[in-house]
Amino acid sequence: MVALLDRKMQLKHVLLFGAVVLLCCLYLVYEKCLLATINSYQVLDDHNRARAARIEQEVGGDRRTRYILLYTSFFSERWWGLLAETLGPDYFAYQHCPATDCVLTSNRQLLRAVADYDAVVFHVATGWDGPLPAVRSPHQLYVAALMESPAHTKHSLALDGSYFNWTMTYRLDSDVLFNYRNVVDLESGEVIGPAVRPSWRNGFYEYGNASLVELVQRKRKAAAQFVSHCGALSGRDRLVQALQSAGLEVDVYGSCGTLNCPRGKPECSQMLDTVYWFYLSFENSLCVDYVTEKLYNALEHHIVPVVFGGADYNRFMPPGSYIDAQAFRTATELVEHLRYLMDNPAEYVRYFWWKQHYALGDTNQYCDLCQRLHSVSARERVQYYRDIKAWWYDDACTARSKIEF
């Protein structure tokens with residue numbers, strides 16, 4: 001009996017000891033593992049709370065006006081084509097910009113010092129007269145603006161390493177897009193193009209319009225080109241000559257041709273709808289994303305643009321809204337296709353299918369710039385172009401076209 005009691009007592013001590021050991025192990029697990037995890041969650045929670053408070057303060061509390069200085073002229077235009085030297089929030093509201101609390105000026109004396117502006121914009125295609133800003137604030141963003149292609153950039157960008165924070169150009173990989181027009185979806189109101197990977201509707205092969213066929217049948221001349229820059233690097237003058245040699249009638253307006261039609265004259269616009277079948281939208285250089293107003297001038301009318309450039313035009317307009325000269329092997333093959341369309345008006349009018357789904361919209365790079373200046377994420381990201389010359393020139397242009405002429 002005594003031995004049995006001793007064994008029960010020993011078992012009780014073993015169980016008690018085991019419980020103590022288990023509690024110690026649980027404590028160690030909590031102390032070394034769970035507590036660290038809980039503390040990590042607390043750190044993360046504290047961080048998120050602080051970030052939310054900062055964003056709320058930025059959006060709701062820090063509503064100060066952003067000042068944008070156009071430090072240089074834009075070619076010969078001191079005001080960059082704007083209506084006044086200084087434009088305030090009313091201008092941005094009138095333009096229906098997402099953010100409106102900005103002031104845009106070319107007056108360096110509007111603020112106490114150049115270092116006080118939030119963004120300073122330099123047109124770097126041609127260089128500029130006078131010295132660069134002597135003092136630069138850490139919060140400032142220096143913006144390199146370009147609308148001409150690398151083939152016509154005369155400023156020595158090699159001197160500007162690590163100088164610019166943002167780019168404002170026609171290229172789709174720019175920080176702020178500086179383009180001519182947008183393509184807007186009529187149903188959703190969304191801007192579809194230009195974009196690196198736009199999502200276009202389909203409808204080219206199904207489209208038909210009997211009244212439009214009747215209208216285009218009255219056209220009596222093949223093609224028109226409006227050009228004032230002769231001897232362009234792209235070779236567009238020689239391409240036009242090759243098209244003419246292949247039997248296509250091309251009327252060339254401007255200093256590079258024999259005809260003249262002043263810009264803005266109503267008759268010059270009307271004849272695109274009533275006289276000509278094709279509008280030659282040939283660029284002066286074959287560069288990535290380089291699409292100028294020539295394309296959009298044609299798209300405003302019932303005339304099919306024939307494009308020649310270095311861009312992927314599907315980034316800018318839906319397929320079946322233009323004819324890309326670079327898709328043909330020779331100038332003769334291109335002329336054969338154009339003549340086929342002239343002989344088959346029902347096929348020709350398919351190129352207007354997009355007009356029932358899309359419209360051309362205006363763009364405003366200053367809207368985008370103002371919005372980015374008010375964006376917390378955009379301004380907090382430390383960014384500068386270490387080698388802006390390489391970004392601008394490397395693989396940007398080609399001297400050899402795909403079409404032979």
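## A buried pair

Cys261 and Cys268 are both buried, where buried means under 20% relative accessible area, exposed means over 50%, and partly exposed lies in between, with a 1.4 Å probe and protein chains only. These two cysteines are joined by a disulfide with an S to S distance of 1.7 Å, and the link of Cys261 and Cys268 is left-handed, with -105° about the S-S bond.

## Basis of the values

The model is predicted, so that local features need pLDDT of at least 70 and side-chain atom pairs count only at pLDDT 80 or more, while totals for chains, interfaces and linings use all residues. Residues are numbered from 1 along each chain as its sequence is written, and side-chain values use heavy atoms, with hydrogens and water left out.

## Other disulfides

A disulfide is taken to be a pair of cysteine sulfur atoms within 2.5 Å, and by this rule the count is 5. When the bonded cysteines of the protein are numbered in sequence order, the pairing reads 1-8, 2-9, 3-4, 5-6, 7-10.

One of these disulfides joins Cys97 to Cys367, with an S to S distance of 1.8 Å, and the torsion of -55° about its S-S bond goes with a left-handed link. Cys97 lies in the loop between α2 (89-94) and β3 (102-105) and Cys367 in helix α9 (residues 365-373), so the pair ties together parts that are 270 residues apart in sequence; helices (H or I, at least four residues) and strands (E, at least two) are DSSP runs, numbered from the N terminus. Cys97 is buried at 8% relative accessibility, and Cys367 is buried at 7%.

Another disulfide joins Cys230 to Cys256 (S to S 2.0 Å), and because the torsion about its S-S bond is about -110°, it is left-handed. Cys230 is partly exposed, with a relative accessible area of 39%, and Cys256 is partly exposed at 24%.

## The largest pocket

A pocket is an open set of points on a 1 Å grid over the protein atoms alone, where a 1.4 Å probe fits, with protein on both sides within 12 Å along at least five of seven lines; lining residues have an atom within 4 Å of a point. The largest pocket holds about 780 Å³ of space, and of the 30 residues that line it, the closest to its centre are Phe226, Arg263, Tyr279, Glu293 and Asn297. At least two lining residues of the largest pocket come from each of α5 and α6 (293-299).

Key. Points joined across faces, edges and corners; volume = space filled by probe spheres on them.
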